[in-house]
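Trainee: I have a new protein open on my screen. Can we walk through it together?

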Amino acid sequence: MILALLALLAGLVLLVWAGDHFVTGASQLATALRIRPAVIGAVVLGFGTSAPEMVVSSLAAINGEPALGVGNIVGSNVANVSLGLGVAALLIPIPFTRMALRRDVPWSLATAAIFALLVVDGNLSRYEGGFLAALMAITLVWLVRSSRDETLPPDEDTPPLAQDVGQPLTNLMRALLGLFGVIVGAQLAVEGSTELAERWGLSGGFIGFSVVAVGTSLPELATVVAAARKGHTELIVGNLFGSNVFNSLAVGGAMGLVGAGAIDDPSLTGLGIGAMMVVVVLAYLGALVGKRASRVDGVALLAIYIGAMVLLGTS
């Protein structure tokens, strides 16, 4: 059991470290190659911050633990909106821009609902995975095209993670090293969490929803805290709600394509999915009504996250 716990902790630490290097290297490489900032933000950073979830969930499906993979997706979505936005709102009020209210937040809600509808029956097939992947491709085209209409201040033409460009070859090696670390870290996390779930009598879905989801969401959480400290509130909303879109479509699609199959965790497909939808709906309604996430909203979001963890754990 000690070895399994060490494997899980080592995997999560490696995921955070490697994920940061992968995102930074990839975004700087894209900037050095003069790729449009909209493409960097929508594709490079979007896929980069969701890379840990994608690798963990795909490996879980391959290893016959689809509940762990789905739990990771659901838990990451809940953690992004409640834990991530809650922590950020405690540091600084987060305003929702017109573009966020029109595009990012509602599409995040819609994609979470689509994913929920596909897995609520306790199964994720290859056809459903293909549908999610196709929808992700359409979303990428839409995001890039709609981003052309956005006007950014002169000093924000380059995403914060890509401002120091550096040498293309160095950035390429950094991105590849980070990707390799993400794969190794994900394998350790999946193996360790699976063994711990068996020894502690916990479902793979709960382990994925809690420990693994928080671990794979740490890159987003770290980015959110850094952005809040520097006052980049527009990055916070786009990062968190955009990450949920990638989790639901790209990660869910990858899981289904490699053959997820039966999930076999009623608590996850019931309470877990329900908690995810409650969180994203409340966040959407709060954004529409208040046009910002205040410190009071932050406390409420954190309370919802703790309540969801307790409810799913006791079930």
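Trainee: Let me start with one residue. Where is S294 found?
Mentor: S294 sits in the loop between β4 (292-293) and α10 (295-314). Keep in mind that this is a predicted model.

Trainee: Is S294 buried, partly exposed or exposed?
Mentor: Partly exposed. Its relative accessibility is 25%. Buried would need under 20%, and exposed would need over 50%.

Trainee: How far is S294 from G86, in sequence and in space?
Mentor: In sequence, S294 and G86 are 208 residues apart. In space, their C-alpha atoms are 8.9 Å apart.

Trainee: Let's zoom out. How many helices and strands does the protein chain have?
Mentor: The protein chain has 10 helices and 4 strands.

Trainee: In what order do they run?
Mentor: From the N terminus, read α-α-α-β-α-β-α-α-α-α-β-α-β-α.

Trainee: And how much of the chain is buried?
Mentor: Of the 315 residues, 53% are buried. The protein chain exposes about 13400 Å². Carbon and sulfur atoms supply 69% of that area.

Trainee: What about contacts along the chain? What share joins residues at least 24 apart?
Mentor: Take the contacts between residues at least 6 apart in sequence. Of those, 88% join residues at least 24 apart.

Trainee: Now aromatics. How many aromatic pairs are there?
Mentor: The structure holds 2 aromatic pairs.

Trainee: Why is the pair of W107 and W142 called edge-to-face?
Mentor: Because their planes are at 85 degrees, and over 60 counts as edge-to-face. The ring centres are 5.6 Å apart.

Trainee: Which helices hold W107 and W142?
Mentor: W107 lies in helix α4, and W142 in helix α5 (residues 126-147). So the pair ties together parts 35 residues apart in sequence. W107 is partly exposed at 22% relative accessible area. W142 is partly exposed as well, at 36%.

Trainee: Staying with α4, what about T111? Buried or exposed?
Mentor: Buried, because its relative accessibility is 0%. T111 is found in helix α4, which covers residues 98-119.

Trainee: Which residues does T111 touch, leaving aside neighbours within four places in sequence?
Mentor: T111 is in contact with N244, V245, S248 and L249.

Trainee: New topic. How many salt bridges does the structure hold?
Mentor: The structure holds 1. The side chains of R103 and D104 meet there, at 2.8 Å from N to O. Both R103 and D104 are buried.

Trainee: Why would two side chains pair like that?
Mentor: Because side chains of opposite charge can pair when their charged atoms come close.

Trainee: Last one, the surface. Which residues form the nonpolar patch?
Mentor: V278, V281, L282, L285, L288 and V289. Together they have about 510 Å² of accessible area.

Trainee: Why is V289 called exposed?
Mentor: Because its relative accessible area is 74%, and exposed means over 50%. V289 lies in helix α9 (residues 266-290).

Methods: Residues are numbered from 1 along each chain as its sequence is written. This is a predicted model: local features need pLDDT of at least 70, side-chain atom pairs count only at pLDDT 80 or more; totals for chains, interfaces and linings use all residues. Side-chain values use heavy atoms; hydrogens and water are left out. Patches are made of residues with over 30% relative accessible area and no salt bridge: like charges are joined within 9 Å, nonpolar side chains (Val, Leu, Ile, Met, Phe, Trp, Tyr) within 5 Å. Accessible areas come from the Shrake-Rupley method with a 1.4 Å probe; for residues, only the protein chains shown count as cover. A salt bridge is a side-chain nitrogen of Lys or Arg within 4 Å of a carboxyl oxygen of Asp or Glu. Helices (H or I, at least four residues) and strands (E, at least two) are DSSP runs, numbered from the N terminus. Buried means under 20% relative accessible area, exposed over 50%, partly exposed in between (1.4 Å probe, protein chains only). Contact means heavy atoms within 4.5 Å. Rings of Phe, Tyr and Trp (its six-membered ring) pair if their centres lie within 6.5 Å; planes under 30 degrees apart count as stacked, over 60 as edge-to-face and the rest as tilted.
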